[in-house]
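Subject: Structure handover

Hi there,

Here is the structure I promised to pass on, with my notes below it. Could you look it over when you have a moment?

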Amino acid sequence: MFKDGFMFGGAIAANQCEGAYDEGGKGLSVQDVLPRGLRGSRSEKVVESNLKLIGTDFYHRYKEDIALLAEVGFNTLRLSIAWSRIYPNGDDAEPNEEGLAFYDSVFDELKKYGITPVVTLSHYETPLALAEKYNGWSDRRTIGFFLKYCETVFRRYSGKVKYWLTFNEINALPKAPFMCGAIKTPPNELSEQDIYRAMHNQFVASARAVELCHRIIPDAKIGCMILGVTVYPLTPNPDDVIAAMLRDRETYQFADIQVLGYYPKYLKNYFERKNIDIDEQPQDAEILKNTVDFISISYYSSICEAAESTAEKTGGNLSKGYKNPYLKATEWGWQIDPQGLRYTLNKLCERYRKPIFIVENGLGAEDKLITHDSGEITVDDDYRIEYIRAHLKEVKKAIADGIEVMGYTLWGCIDIVSASTAEMRKRYGLIYVDRNDDGSGSLERYKKKSFDFYRRVIDTNGGII
């Protein structure tokens, strides 16, 4: 069993579930011009075929959805605030009251059921106007716009939200500069210096948000959020081991700065070798000392790395690597590695000595809605049940290893539009939403078989795992 107070629940993101892209005073975000998700090019205007414009209609159905999540037994829900609902253009003089009131209602509904919100401040949804006017996080002025937004929501929700995350999967910015950093410059025209300057601006913004949160809400906890990429050497060849070590640093550099409060020597040496100037200002080193209270991670799969190989490549959205011959994979080629979660938790704990929160984990699959003889409409997703069970077993082992794990939130706990492909057919939820890739569907909700399984997991505090 898990300890008392373990945070069990699920996770969603505003841009994938809310819809209502042009309601309630909301401005456009970068997501509204990504009609094919991460893997497609952006459009210069809103494209009506973008499923995220309607999402799964959480904006209008949040009471129904939260009631369903309460029925599962959630004691926590990770969700994000859409920045452009609060400041439609990002640099507005005053916030949008209608947007603020919407999240007041969401947080009040969660409180009614005893569900603790964990709120991501920036989940791949920078206001589009900041991309168009300032080239997003390439411009240091974006730090100030972000902090104004942070101060607004910290003050507004100080009595309702005690757990915050700064940037979702901040280490994804080099691979997806428009989605993660609102940078309009075409990727093939961006230099390493351009990327590292934008990253530095986000690090400074994150550190200042931490200081702001602690000052405005003294009893709050605020963490960073890292895309957890587990990397193994493809073979015992020392060249492959070194290749895996260097690949790990692509992740660690983001956590090092936010958790330890300074740039690691290996990264400074890299800047020197490559003549990279991150435009660090005199006050920045002191600002970065405002470190996070905990680390949160997404974890879906693992990859292998090698110095040289002709082996097949595979991996998730932003974590391509060599295929591990010992692992099975999802329909989308993401290798399923529950033990990798235990391994990752141990590595992070040994490096940082901070509590760790698993805020994304789950199985994306093409679920089939069926009607049983009894008349029940559901999805027999035993594959998802096995995935969750196997990963939670490894979380238990990590806790037995001595790792302080704060909680576990299942990604896309109610079906949402995929970030990677902007499709509905890649589903993660315990709850099926009747919406299809062509935009058709009633938006009705149906409980999958995994709904009852996860309810029993929470009800027994993990005792059935």
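Arg-353 is exposed, with a relative accessible area of 63% (exposed means over 50% relative accessible area, buried under 20%, and partly exposed in between, with a 1.4 Å probe and protein chains only). Before I go on: this is a predicted model, in which local features need pLDDT of at least 70 and side-chain atom pairs count only at pLDDT 80 or more, while totals for chains, interfaces and linings use all residues. Residues are numbered from 1 along each chain as its sequence is written, and side-chain values use heavy atoms, with hydrogens and water left out.

Arg-353 sits in the loop between H12 and strand S11 (356-360); helices (H or I, at least four residues) and strands (E, at least two) are DSSP runs, numbered from the N terminus. Its phi is near 55°, a positive value in a residue other than glycine. Most residues other than glycine have a negative phi. Tyr-124 also has a positive phi, of about 60°, although it is not a glycine. You will find Tyr-124 in the loop between strand S3 (116-122) and helix H5 (128-134). Tyr-124 counts as buried because its relative accessibility is 7%.

**Pocket and cavities**

Rolling a probe the size of a water molecule over the atoms shows where empty space is left. The search ran on a 1 Å grid over the protein atoms alone: a cavity is a set of points where a 1.4 Å probe fits but cannot get out, a pocket is an open set with protein on both sides within 12 Å along at least five of seven lines, and lining residues have an atom within 4 Å of a point. Grid points are joined across faces, edges and corners, and a volume is the space filled by probe spheres set on the points.

The largest pocket has a volume of about 570 Å³. It is lined by 26 residues, and those closest to its centre are Glu-192, Tyr-196, Arg-249, Glu-250 and Gln-253. Helix H8 (192-216), helix H9 (238-260) and helix H10 (265-274) each contribute at least two lining residues, with the largest share, seven residues, coming from H9. By class, this lining has 15 nonpolar, five polar and six charged residues (Ala, Val, Leu, Ile, Met, Phe, Trp, Tyr, Cys and Pro count as nonpolar, Asp, Glu, Lys and Arg as charged, and the others, Gly among them, as polar).

There are seven cavities of 30 Å³ or more. The second largest cavity holds about 120 Å³ of space. Its lining is made of 13 residues, with Val-229, Thr-251, Tyr-252, Thr-344 and Leu-348 nearest its centre. Strand S6 (230-233), H9 and helix H12 (338-352) each give two or more residues to that lining, and H9 gives the most, with four. Seven of the lining residues are nonpolar, four polar and two charged.

Ile-242, Met-245 and Leu-246 make a nonpolar surface patch of about 250 Å². Patches are made of residues with over 30% relative accessible area and no salt bridge, like charges being joined within 9 Å and nonpolar side chains (Val, Leu, Ile, Met, Phe, Trp, Tyr) within 5 Å; accessible areas come from the Shrake-Rupley method with a 1.4 Å probe, and for residues only the protein chains shown count as cover. Met-245 lies in helix H9 and counts as partly exposed at 36% relative accessibility. Ile-242 is in helix H9 too, and is partly exposed at 44%. Ile-242 and Glu-305 are 63 residues apart in sequence and 9.1 Å apart in space, C-alpha to C-alpha.

**Salt bridges**

How many salt bridges does the structure hold? The count is 40, where a salt bridge is a side-chain nitrogen of Lys or Arg within 4 Å of a carboxyl oxygen of Asp or Glu.

- Arg-427 pairs with Asp-415, their closest N and O atoms being 2.7 Å apart. Both lie in the loop between strand S14 (405-411) and strand S15 (431-433), so the pair ties together parts that are 12 residues apart in sequence. Arg-427 and Asp-415 are both buried.
- Asp-367, Asp-381, Arg-384, Asp-415, Arg-427 and Lys-448 are linked in a network of salt bridges.
- Glu-423 and Arg-425 form a salt bridge at 2.9 Å, N to O. Glu-423 counts as buried at 16% relative accessibility, whereas Arg-425 is partly exposed at 31%.

Best wishes
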